[in-house]
2 protein chains.
Amino acid sequence: MRRIYIISGPAGVGKSTTSKRLAEQFEHSAYIEGDVINHMVVGGYLPPWESEESLALVWENIADLSVNFVNSDKDVIIDYVAFPSDIEKLSEKVHSQLKQVEIIYVVLWVDRTELLRRDALRIKEHQMGDRCLALVEEFERKGLSERFLYDTTNLKETNLNEILWNIRENSRFVY
Amino acid sequence: MRRIYIISGPAGVGKSTTSKRLAEQFEHSAYIEGDVINHMVVGGYLPPWESEESLALVWENIADLSVNFVNSDKDVIIDYVAFPSDIEKLSEKVHSQLKQVEIIYVVLWVDRTELLRRDALRIKEHQMGDRCLALVEEFERKGLSERFLYDTTNLKETNLNEILWNIRENSRFVY
């Protein structure tokens, strides 16, 4: 059975690195970067965290692409800041079009100190400073079942393979 | 009525510049870069010019995104090497889901000398040399109604506004 993996979490936790490497592990896969889908809108762009319409549109696009990829027999990896309410809508839309598919929802996590430490290691133009923490607080505020959280604070980057293995094999991430 | 513009043509004719500037002219618009959609496939990637399945998938994805953007009241600009057979399938898929929409198909063109001259102006890593001409020949081979061709050989880059105006206003590009 094909799977749709959503790799979520606040900015700076390693969504992109993890997602790309995960996509490379499958024989047939597709990698959807939510930010890229979001920024296809040019004229009249409103960020999805300020506009419900933008948010709905970006998830509709992600869902349709995912369905096409699964229909074309690929595992799908979605790299985006996704809250439980987003996954609920995605799941509904996907299951209305596909009978056989499993959704895996992982919210990568590192503690605040580690998030700020990693941010400081970036080149100046890419540093986000305190803005890193705003998304952490949003995840905490919106309530998230513990089982989807994956705290990687104490895992070094060399443990990426362990992280990938867990994402693929640990049943607690099955939505 | 919303419109879907497909800006096609061989590599090096100015598809990206033209498409991006066109997208910026509309109050509500979306810009779809075909190459980006194509490269979402990671594991098992086959280029669409070598695999019918890849070609069908990339156009299915482009069509679904276009429908969502039009439903969200945006004009859509597609930047991709698109042959008449691709447009036919896109048109079918789009019209089966949308009643009110107009498709505009423009194949930008410059003569071979100009194509090679522009290519030589690029930084070395981006130069394509004779490969520029391969796509020119493919367009010629596949047969293309004259009316969709837009020869911009004698237009300077400062004439971009004239090009954009023609794409928007000249009825010969309506598919």
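1. Strand E3 (residues 75-79) of chain B is largely enclosed by the rest of the structure, because 5 of its 5 residues are buried. Here buried means under 20% relative accessible area, exposed means over 50%, and partly exposed lies in between, with a 1.4 Å probe and protein chains only. Helices (H or I, at least four residues) and strands (E, at least two) are DSSP runs, numbered from the N terminus. The model is a predicted one, in which local features need pLDDT of at least 70 and side-chain atom pairs count only at pLDDT 80 or more, whereas totals for chains, interfaces and linings use all residues. Residues are numbered from 1 along each chain as its sequence is written, chains are lettered from A and ligands numbered from 1 in the order in which they are written, and side-chain values use heavy atoms, with hydrogens and water left out.

2. Both faces of E3(B) are covered. B:Asp75, B:Ile77 and B:Asp79 are buried on one side, and B:Val76 and B:Ile78 are buried on the other. In a regular strand the side chains alternate between the two faces of the sheet.

3. Two strands of chain B pair with E3(B), pairing being assigned if DSSP finds at least two bridges between the strands. Strand E1 (residues 3-8) runs parallel to E3(B) and is joined to it by 4 bridges; within this pairing, B:Tyr5 has B:Ile77 as its bridge partner. Strand E2 (residues 29-33) also runs parallel to E3(B), with 5 bridges between them, and here B:Glu33 is partnered by B:Asp79.

4. Turning to the interface, chain B and chain A bury about 2000 Å² between them, of which 61% is on carbon and sulfur atoms. This buried area is the accessible area (1.4 Å probe) that two parts lose on being put together, summed over both. In chain B, the residues that lose the most area to chain A are B:Met40, B:Val42 and B:Asn68, which together make up 27% of what that side buries. Each chain gives 25 residues to the contact, contact meaning heavy atoms within 4.5 Å.

5. What kinds of polar pairing occur between chain B and chain A? There are 12 residue pairs in polar contact, both residues being at pLDDT 80 or more. A polar contact is a pair of N or O atoms within 3.5 Å; within protein, one must be able to donate a hydrogen and the other to accept it, and residues adjacent in sequence count only if both atoms are side-chain atoms. By contrast, 0 salt bridges are found across this interface, a salt bridge being a side-chain nitrogen of Lys or Arg within 4 Å of a carboxyl oxygen of Asp or Glu.

6. On the side of chain B that touches chain A, helix H1 (15-24), E2, helix H2 (34-38) and helix H3 (52-71) of chain B each give two or more residues. H3(B) supplies the largest share, 8 residues. The residues of this side comprise 12 nonpolar, 7 polar and 6 charged. In this division, Ala, Val, Leu, Ile, Met, Phe, Trp, Tyr, Cys and Pro count as nonpolar, Asp, Glu, Lys and Arg as charged, and the others, Gly among them, as polar.

7. Over all chains, the whole structure has 22 salt bridges. One of them joins the side chains of A:Asp64 and A:Lys93 (3.3 Å, N to O). The pair links distant parts of the chain, with A:Asp64 in helix H3 (residues 52-71) and A:Lys93 in helix H4 (residues 84-97) of chain A, 29 residues apart. A:Asp64 is buried at 9% relative accessible area, whereas A:Lys93 is partly exposed at 25%.

8. In chain B, B:Glu102 and B:Arg3 form a salt bridge with their closest N and O atoms 2.8 Å apart. B:Glu102 lies in strand E4 (residues 102-109) and B:Arg3 in strand E1 of chain B, so the pair ties together parts 99 residues apart in sequence. B:Glu102 is partly exposed at 23% relative accessibility, and B:Arg3 is buried at 17%.

9. B:Asp73 forms a salt bridge with B:Arg2, the closest N and O atoms being 3.1 Å apart. B:Asp73 lies in the loop between H3 and E3 of chain B and B:Arg2 in the segment before E1, so parts 71 residues apart in sequence are tied together. B:Asp73 is partly exposed, at 45% relative accessible area, and has a positive phi of about 65° although it is not a glycine.
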